[in-house]
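Me: I have a structure to go through and have not looked at it before. Can we take it piece by piece?

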Amino acid sequence: MNTSTKIGNLELKNPFIAASGTYGYGVEYTDLSPADRWGAVILKSVSPKPRPGNVPPRCCETDCGMINSIGLANEGLEVYMKEKIPAFRKAFPGATCIASLAGETLEEFLLLAEKLSEMPEIKAFELNISCPNVAKGGMHFGADGNASCQLVRECKKISKVPVWVKVTPSTTDPVGVAAACAEAGADAVVATNTIPAMKIDVRRCRPVLGNIFGGLSGPAIFPASLRIAYLIHRALPELPLIGCGGVDCGEKAVQFILAGCSAVEIGTATFRNPGTEQLCLEYLEKYMAEMKFGSIEDFRALAHRTN
């Protein structure tokens with residue numbers, strides 16, 4: 001059987017992608033879940049200048065998941081280009097590397113796309129237009145179809161690699177935002193990001209997170225993310241789609257593929273079990289053998305068939 005997949009013109013050896021923000025800069029997982037086992041890895045989001053992130057505490061557990069309020073903390077574009085990418089490439093020369101871009105303005109996104117397009121190690125960009133725990137920036141683009149359309153269109157003019165867009169589950173019309181991104185030339189859409197959430201300490205009588213609010217991830221959000229992916233594929237069947245949100249086992253990954261996704265991002269689950277990707281791949285191979293599917297395309301979007 002063939003577990004490879006294609007997202008537009010980008011071919012991956014398997015459909016599992018390490019989600020940005022949960023895999024660091026790749027080298028941190030060398031002994032636990034090496035990057036060359038994945039179909040691709042999306043490194044920690046990069047902004048033009050270093051970001052200190054939000055006030056701690058920055059994450060907490062909740063039922064069936066976790067809430068994080070990291071605030072896109074990162075060391076900035078210069079360190080990313082001079083240190084992080086070279087270190088990743090040295091450790092994993094055969095791995096597929098995706099860059100997650102986090103700008104606060106259109107101009108910042110364009111700067112990131114322009115500079116990082118010059119790095120041959122990077123095979124695609126994921127535009128982070130849906131982070132729920134920063135005060136400004138990407139969330140503005142993710143909640144507005146017109147703003148998303150403009151951002152994608154301008155990035156496509158500059159980018160030398162495919163442009164993916166990570167949509168928010170919080171907008172009232174995720175299909176409309178995805179359609180706007182597709183119209184502007186997005187090479188793929190990722191459905192979805194975390195859901196805005198919070199937790200209160202009943203002993204301290206105060207919010208647990210220093211930023212008060214954060215983004216809920218983990219198994220709790222899987223059904224909601226799956227629904228959005230299904231709706232996007234139903235409306236835009238030609239648009240390459242990547243599922244993301246709550247995948248912690250192979251069965252959930254297969255559900256995303258049946259809903260129309262060509263690949264699946266895995267994030268929070270790797271904190272509990274860094275080998276989640278390998279378990280998902282083993283399940284996928286067993287499932288395909290039992291169902292007599294020779295390739296991902298044999299069952300992708302099969303849940304949409306009416307007979």
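Me: Where does Cys60 lie?
Reply: Cys60 lies in strand E5, residues 59-62. Helices (H or I, at least four residues) and strands (E, at least two) are DSSP runs, numbered from the N terminus. This is a predicted model, where local features need pLDDT of at least 70 and side-chain atom pairs count only at pLDDT 80 or more, while totals for chains, interfaces and linings use all residues. Residues are numbered from 1 along each chain as its sequence is written, and side-chain values use heavy atoms, with hydrogens and water left out.

Me: Is Cys60 buried or exposed?
Reply: Cys60 counts as buried, at 10% relative accessibility. Buried means under 20% relative accessible area, exposed over 50%, and partly exposed in between, with a 1.4 Å probe and protein chains only.

Me: Which residues is Cys60 in contact with, leaving aside its neighbours within four places in sequence?
Reply: Met66, Ile67, Lys199, Val208 and Leu209. Contact means heavy atoms within 4.5 Å. Val208 is 148 residues from Cys60 along the chain, and their C-alpha atoms are separated by 7.5 Å.

Me: Back up a bit. How many helices and strands in the protein chain?
Reply: The protein chain has 9 helices and 16 strands.

Me: And what does the C-alpha trace span?
Reply: About 50 × 50 × 40 Å along the principal axes of the protein chain. The radius of gyration, taken over C-alpha atoms, is compared with a globule rule of 2.2 Å times the number of residues to the power 0.38. For 307 residues a compact globule would have a value near 19 Å, and the protein chain agrees with that at 18 Å.

Me: How much of the chain counts as buried?
Reply: 56% of the 307 residues. Among contacts with a separation of 6 or more, 70% are between residues 24 or more positions apart.

Me: What about the charges, how far apart are their mean positions?
Reply: The mean positions of the 31 positive and 32 negative charges are 3 Å apart. Lys and Arg count as positive and Asp and Glu as negative, while His and the chain ends are not counted. The place of a charge is taken as NZ of Lys, CZ of Arg, CG of Asp or CD of Glu.

Me: Let's go to Glu277. Where is it found?
Reply: In helix H9, residues 276-291. Glu277 is buried, with a relative accessible area of 0%. Not counting residues up to four places away in sequence, Glu277 touches Asn14, Phe16, Arg37, Trp38 and Ile266.

Me: And after H9, what about Ile296?
Reply: Ile296 lies in the segment after H9. Ile296 is buried too, with a relative accessible area of 2%. Beyond its neighbours within four places in sequence, Ile296 has contacts that include Asn2, Pro15, Ile257, Leu284 and Met288.

Me: Now rings. How many aromatic pairs are there?
Reply: The count comes to 9 aromatic pairs. Rings of Phe, Tyr and Trp (its six-membered ring) pair if their centres lie within 6.5 Å; planes under 30 degrees apart count as stacked, over 60 as edge-to-face and the rest as tilted. One of the pairs is Tyr287 with Phe293, which is tilted, at 6.0 Å centre to centre and 45° between the planes. Phe293 also pairs with Phe299, and that pair is stacked, at 5.0 Å centre to centre and 20° between the planes.

Me: Which residues form one aromatic cluster?
Reply: Tyr283, Tyr287, Phe293 and Phe299. Phe293 and Phe299 are both buried, and Tyr287 is buried with a relative accessible area of 14%.

Me: Switching to the backbone. Which residues does a cis peptide bond join?
Reply: Pro56 and Pro57 are joined by one, with omega about -5°. Pro57 is in the loop between strand E4 (40-42) and E5. Another cis peptide bond joins Ala191 and Thr192, with omega about 10°.

Me: Why point those out?
Reply: Because most peptide bonds are trans, and most residues other than glycine have a negative phi.

Me: Which residue has a positive phi although it is not a glycine?
Reply: Leu72 is one of them, with phi about 55°. Leu72 is in the loop between strand E6 (65-68) and helix H1 (77-91), and is buried with a relative accessible area of 15%. Cys205 also has a positive phi, near 60°. Cys205 counts as exposed, at 52% relative accessibility.
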